[in-house]
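Please read it alongside the sequence and the coordinates.

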Amino acid sequence: MIQSIGLDIIEVSRFTLLARRREQKSWTECFSPEELTYCFGKTNPALHLAARFAVKEAMIKAYSTLAIPLTYNAISVENSGGIPKIICPAAYTDTLTPHVSISHTTAHAAAFVVVSKNNEHTTH
């Protein structure tokens with residue numbers, strides 16, 4: 001059952017200048033080492049950084065409607081065969097499961113997060 005949703009869209013240009021300065025300390029306040037390796041391994045790191053940031057914003061919005069606070073560095077996005085997957089501490093996923101869809105153009109990145117309640121096991 002759907003518990004909450006979150007949506008974010010961001011301009012890729014906000015990350016273009018920042019991506020040129022890879023050594024930025026602030027990167028690690030928002031992105032995991034795996035995310036940074038993935039993004040900076042791409043031809044256009046700004047596009048992938050913006051997409052991951054949009055996921056984090058959408059996730060924070062979705063969880064905030066449930067009165068569950070989240071921080072950027074508690075959320076990580078992994079790709080498994082081209083399918084994005086949200087990784088966060090078990091405390092956030094024990095009873096809820098976040099699902100994400102990411103889309104982007106050269107100018108914008110967007111993310112949509114649906115948070116569903118985990119299936120409860122019942123015996124009949």
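## Chain ends and strand β5

Met1 lies in the segment before β1 (2-11); helices (H or I, at least four residues) and strands (E, at least two) are DSSP runs, numbered from the N terminus. The model is predicted, so local features need pLDDT of at least 70 and side-chain atom pairs count only at pLDDT 80 or more, while totals for chains, interfaces and linings use all residues. Residues are numbered from 1 along each chain as its sequence is written, and side-chain values use heavy atoms, with hydrogens and water left out.

Met1 is exposed, with a relative accessible area of 74%. Here buried means under 20% relative accessible area, exposed over 50%, and partly exposed in between (1.4 Å probe, protein chains only). Leaving aside neighbours within four places in sequence, Met1 is in contact (heavy atoms within 4.5 Å) with Val115, Ser116 and Lys117.

Val115 belongs to strand β5 (residues 108-117) and counts as buried, at 0% relative accessibility. Not counting residues up to four places away in sequence, Val115 touches Met1, Ile2, Gln3, Ser4, Ala62, Tyr63, Leu66, Leu96, Thr97 and Pro98.

| C-alpha pair | Apart in sequence | Apart in space |
|---|---|---|
| Val115 and Cys30 | 85 residues | 21 Å |
| Phe40 and Arg52 | 12 residues | 12 Å |

## Helix α3

In helix α3 (residues 33-40), the buried residues are Glu35, Leu36, Cys39 and Phe40. They lie on the same side of α3, because they cover an arc of only 115° around the axis; the arc is that of the directions from the helix axis to the C-beta atoms. Pro33, Glu34 and Thr37, on the other side of α3, are exposed. The cover over the buried residues of α3 includes α1, α2 (27-30), α4 and β2 (76-80). Phe40, one of these buried residues, has a relative accessible area of 16%.

## Packing against α4

α3 and α4 pack at an angle of about 145°, and their axes are 8 Å apart. Axes are lines fitted to C-alpha atoms, for helices over the stretch in contact, and angles run from 0 to 180 degrees between N-to-C directions. On the α3 side the contact is made by Glu35, Leu36, Tyr38, Cys39 and Phe40, and on the α4 side by Pro45, His48, Leu49, Arg52 and Lys56. These residues divide into 6 nonpolar, 1 polar and 3 charged. Ala, Val, Leu, Ile, Met, Phe, Trp, Tyr, Cys and Pro count as nonpolar, Asp, Glu, Lys and Arg as charged, and the others, Gly among them, as polar.

Helix α1 (residues 13-20) packs against helix α4 (residues 45-64) at an angle of about 120°, with the axes 8 Å apart. α1 and α4 are therefore oblique to each other: angles under 35 degrees count as roughly parallel, over 145 as roughly antiparallel, 65 to 115 as roughly perpendicular and the rest as oblique. α1 contributes Phe15, Thr16 and Ala19 to the contact, and α4 contributes Pro45, Ala46, Leu49, Ala50 and Phe53. The contact of α1 with α4 comprises 7 nonpolar residues, 1 polar and no charged.

## Ala67

Ala67 sits in the loop between α4 and β2. Although Ala67 is not a glycine, its phi is positive, at about 60°. Most residues other than glycine have a negative phi. Ala67 is exposed, with a relative accessible area of 68%.
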